[in-house]
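This briefing is meant for a reader who is meeting the structure for the first time. Please keep the sequence and the model in view while reading, and follow the topics in order.

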Amino acid sequence: MRILTRLLMASPASIGSKSSLSEALALLPPLPLYRRVLRVHRKKLDPEMRILGDSYVKSEFRAHRSVDNPLHIIGFLTEWQLYAQKLEGDAWIGEKLDKGKLDKMSDQQIGQLYELMQTIKSKE
């Protein structure tokens, strides 16, 4: 995510389109977003789910720390920002995973999602 500063200062022509630049400018930088997600967990989740959620967030942000692909960075930050917004507004309760997002996931991501589902079910 080190490339994010250069991405935010880049011209629209160097990124590809005006819309991708404006999306990038609307995103929180990684560290404030990370803190926001942890703060939302502290306020909205019960202690067991908070421990699970915090450890997942920490591992995901660590795993993406060295990513240099601007599209991956924007996608990563966008999804985490949407997650934080949903959690803040209680819009996530009872919501199902979007089929379009599921279709875009790799086998590894689907495996991670399945493991997360199993962990959550075992906690209930």
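What does the accessible surface of the chain come to, and what percentage of that surface belongs to carbon and sulfur atoms? The accessible surface amounts to about 8,700 Å², and 57% of it belongs to carbon and sulfur atoms. The model is a predicted one, and the chain in it has eight helices and zero strands.

**Overall make-up and confidence**

- Read from the N terminus on, the elements of the chain follow the order α-α-α-α-α-α-α-α, and of its 124 residues 25% count as buried.
- When contacts between residues at least 6 apart in sequence are taken together, 63% of them join residues that are at least 24 apart.
- The average pLDDT of the chain is 80, and 77% of the residues score at least 70.
- Confidence is lowest in helix H2 (residues 12-15), where the mean is 42, and highest in H4, where it is 95.
- Over residues 5-18 the pLDDT stays under 50, and the model has 15 contacts beyond four places in sequence for them; over residues 20-25 the pLDDT is likewise below 50, with 12 contacts in the model beyond near neighbours in sequence.
- Where pLDDT is low, the predicted coordinates should not be read in detail.

**Aromatic pairs and the nonpolar core**

- The structure holds six aromatic pairs, one of which is formed by Phe 61 and Phe 76 in an edge-to-face arrangement, with 5.0 Å from centre to centre and 70 degrees between the planes.
- This pair links distant parts of the chain, since Phe 61 belongs to helix H5 (residues 47-63) and Phe 76 to helix H6 (residues 70-89), 15 residues apart.
- Both partners are buried, Phe 61 with a relative accessible area of 8% and Phe 76 at 10% relative accessibility.
- Ring pairs also join Tyr 34, Tyr 56, Phe 61, Phe 76, Trp 80 and Tyr 83 into a cluster.
- The largest nonpolar core has 13 residues, and those touching the most other members are Leu 33, Val 37, Val 57, Phe 61, Phe 76, Leu 77 and Trp 80.
- Helix H4 (30-44), H5 and H6 are the elements that give two or more residues to this core, and H6 supplies the largest share, namely six residues.
- In soluble globular proteins, nonpolar side chains tend to be buried together.

**Contacts around Leu 28, Leu 33 and Arg 36**

- Leu 28 sits in the loop between helix H3 (18-26) and H4, and Leu 28 is partly exposed, with a relative accessible area of 27%.
- Not counting residues up to four places away in sequence, Leu 28 touches Leu 33, Arg 36, Leu 77 and Gln 81.
- The C-alpha atoms of Leu 28 and Thr 78 are separated by 8.6 Å, although these residues are 50 residues apart along the chain.
- Leaving aside neighbours within four places in sequence, Leu 33 is in contact with Leu 28, Phe 61, Leu 77, Trp 80 and Gln 81.
- Arg 36, found in helix H4, is buried with a relative accessible area of 15%; leaving aside neighbours within four places in sequence, the contacts of Arg 36 are with Leu 28, Gln 81, Ala 84, Gln 85 and Glu 88.

**Salt bridges**

- The structure holds four salt bridges, among them one between Asp 54 and Arg 50, whose closest N and O atoms are 3.4 Å apart.
- Asp 54 and Arg 50 both lie in helix H5, four residues apart, or about one turn of the helix; Asp 54 counts as buried at 12% relative accessibility, whereas Arg 50 counts as partly exposed at 30%.
- Another salt bridge brings together the side chains of Lys 101 and Glu 79 (2.9 Å, N to O), and this pair links distant parts of the chain, with Lys 101 in helix H7 (residues 99-104) and Glu 79 in helix H6, 22 residues apart.
- Lys 101 is partly exposed, with a relative accessible area of 32%, and Glu 79 is partly exposed as well, with 37%.
- The side chains of Lys 99 and Asp 103 also meet in a salt bridge (3.3 Å, N to O); Lys 99 is exposed, with a relative accessible area of 58%, and Asp 103 is exposed, with 54%.
- Because Lys 99 and Asp 103 are four residues apart in helix H7, they are separated by about one helical turn.

How values were computed. Residues are numbered from 1 along each chain as its sequence is written. Side-chain values use heavy atoms; hydrogens and water are left out. Rings of Phe, Tyr and Trp (its six-membered ring) pair if their centres lie within 6.5 Å; planes under 30 degrees apart count as stacked, over 60 as edge-to-face and the rest as tilted. Buried means under 20% relative accessible area, exposed over 50%, partly exposed in between (1.4 Å probe, protein chains only). A nonpolar core is a set of buried Ala, Val, Leu, Ile, Met, Phe, Trp, Tyr and Cys residues joined through side-chain atoms within 4.5 Å. Contact means heavy atoms within 4.5 Å. Accessible areas come from the Shrake-Rupley method with a 1.4 Å probe; for residues, only the protein chains shown count as cover. pLDDT is the predictor's confidence in each residue, from 0 to 100.
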